Amino acid sequence: MLDPVAPTPRDLLEQSGLGLELPDADAPGLDRPISWAHTTEMRDPSRYLRGGELVCTVGLSLQTPPDCQTFAEALARADVAGLCFGVGDGHDEVPAALLEHTRRLGLAVLVAPPTVPFSEVSRYVAESWLGPEIAVARATNALVPELVSGLRRHETPRQLLDTAGQILGCYFLLEPPDGIEWVGRGDPPEPALLDVITRFVRAAQGERDIEAALGRERVGQLLSLVERRMLLPDALSQLLPWPGFGAPAIVCSAWPAGAGALLSMAFPGELVGDAPDLCLMLAIEPPGELSVPSGHSAPVPLTELGSAITQARIALELATHRGGRVGPDQLSTLESLVEQLPAAQLAPFAQQLIDPLVDLDRRRGTQHVRTLRVFLSVNGSLSETAKALYLHTNTVRHRLSRIQEITGRDPLQHSDLTAFAIGLQACDRAEGR
C-alpha cells in the first residue's frame, strides 16, 4: 500500500478550496508535517497534545496578552505543527500578542475566516493521511457495480478484465487456470482490488455452465413464489435437492441481481437462486463477506422463509445505500428505519431543525451542528460532550439553549433529540454520506 504523505501548513494554505489565509507575509514554520488536527479553547492544552498537531481555536480563552503568551508557549512546549485561528466568533482578527509570541517561538499561524469551518480543515488532514485507503475503497466501489453488470450480461472473462482495465487505467492478462496479471505503468493495483477482479473472473468462467445458470434461475423463481405466498415453503424440499431444508433454522441472504455465479463459486454448499431483481441464497449459517453489498435475515424455521426473504430484501436495500453488509441486528435501529423512509417524509426534519443551524454556522463560524452531533453520539451527556469538544459544560449548555432558540426544539428533551437525530441523518442522506 502507498505510504500516506503528511500535509503541512503550507499545503493547507495553498488549497484554494479551504480559503485559509496568513496574518502576515513573514509566517514561520509553514513546512512542518501535521500529524492531526486538534480543536481546543483551553488556555493551556499541552497535556492533550502529543506533538505534530495543527491546533484549531477561535480564542475564547485568549482575552489578554498573558493569556496569549501562555497559549503560545504551551503549543511550542507540545511541539505542535502550527495554529489555525478562526476569526469572527471570539475575535475579529488574530490578537496581536498571540502573533508576537508565535513568531518568537517559530509557530506557523493560519487564519480561518468565518466561512471556513474547522471540520473542513480536519477533513483535509484526515484525507491526506487516509488517502491510500480511500483510493482503494473508491476504486472498489467503482469496480463492483460494473463487474456485476458484466456478469448479468454474461460477459466473458476477457471482457470483464477489459472493463476493470478501463476503470483502473491499465491492462490485465488472463493467466491459466484463472489467475490475472497486471500490465501497465506506475504502481500496480492493491492486492485487495486484484482479489475482487479475480473473483469475478472465476465467476464468469463458471457462468459458462449453462445448466448451472438455468438451475439458479429455477431456484430464484421458486423463492420468489414463496415470498409472494404463492408457494408453501415446505414444498421446496420436494422440488429442490438441498439438504439444508432439514435444518432447524435457515438464513436467507439477498445480493445484487447477477451475482449468482459469484455466490455459487464462493459458497458451493448453499442454495443460490437468481430472481429477476436480486439474487437470493439460503444457508444454514450466516455466510462470509464478499466485496458486494448484501442483506441477511435472522435464522428462521422453513415455515417462515417468506418473511425471511422480505427481511433480506430490505437489508439489501440498506446495504446498497451504505455499502458492505447489513444483518438483522442493523434493521432494528433508528438509522435503518430512517433510511427506509422516502426523502419527502424526511425533508421537514432537515429543513426545520438542521438547515437553520447549518446556515448560522456558515455565516457566523459557529459549531452548533458539530455540538449537536457530538451530543447525540454520547447519548445526551453534557459532561461527555464538553469533554469531547474540550469545552466547559456551561458552554455546551449555552449552545444547546441557542439551538432551542433557533429551532424551537429542546435537545435536552428525548423526543426532540430524536427529531434532531432524524434531521441529521436526513441531511447526511441527501448529501450522499
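A nonpolar core is a set of buried Ala, Val, Leu, Ile, Met, Phe, Trp, Tyr and Cys residues joined through side-chain atoms within 4.5 Å. With that idea in hand, the structure shown above, which is a predicted model, can be explored from the inside out. Its largest nonpolar core has 31 residues. Those with the most contacts inside this core are L151, F172, I197, F200, W255, L262 and L263. Several elements contribute to the core: helix 4 (118–152), helix 5 (157–168), helix 6 (191–206), helix 9 (260–266) and strand 9 (278–283) each supply at least two of its residues. As background, nonpolar side chains in soluble globular proteins tend to be buried together.

Leaving aside residues up to four places away in sequence, L263 touches W255, V272, C279, M281 and L290.

Across the whole structure, a search finds three aromatic pairs. One of these joins W242 and F245 in an edge-to-face arrangement, with 5.2 Å from centre to centre and 90° between the planes. W242 counts as buried because its relative accessibility is 8%, under the 20% cut-off. F245, with a relative accessible area of 9%, is buried too.

W255, already met in the core, also takes part in an aromatic pair, with F267. The ring centres of W255 and F267 lie 6.3 Å apart and their planes meet at 45°, so this pair is tilted. The pair links distant parts of the chain: W255 belongs to strand 7 (residues 251–256), whereas F267 sits in the loop between helix 9 and strand 8 (271–274), twelve residues apart. Both W255 and F267 are buried.

Helix 2 (residues 65–77) shows how a helix can have two faces. Its 13 residues reach 18 Å from the first C-alpha to the last, close to the 18 Å expected at 1.5 Å a residue. Within helix 2, the residues D67, C68, F71, A72, A74 and L75 are buried.

What do the buried residues of helix 2 pack against? Their partners are strand 2 (53–57), strand 3 (82–86) and helix 3 (96–105). Helix 2 is followed by D79, which has a positive phi, near 60°.

Definitions and conventions
Residues are numbered from 1 along each chain as its sequence is written. This is a predicted model: local features need pLDDT of at least 70, side-chain atom pairs count only at pLDDT 80 or more; totals for chains, interfaces and linings use all residues. Side-chain values use heavy atoms; hydrogens and water are left out. Buried means under 20% relative accessible area, exposed over 50%, partly exposed in between (1.4 Å probe, protein chains only). Helices (H or I, at least four residues) and strands (E, at least two) are DSSP runs, numbered from the N terminus. Contact means heavy atoms within 4.5 Å. Rings of Phe, Tyr and Trp (its six-membered ring) pair if their centres lie within 6.5 Å; planes under 30 degrees apart count as stacked, over 60 as edge-to-face and the rest as tilted. The expected span of a helix is 1.5 Å times one less than its number of residues.
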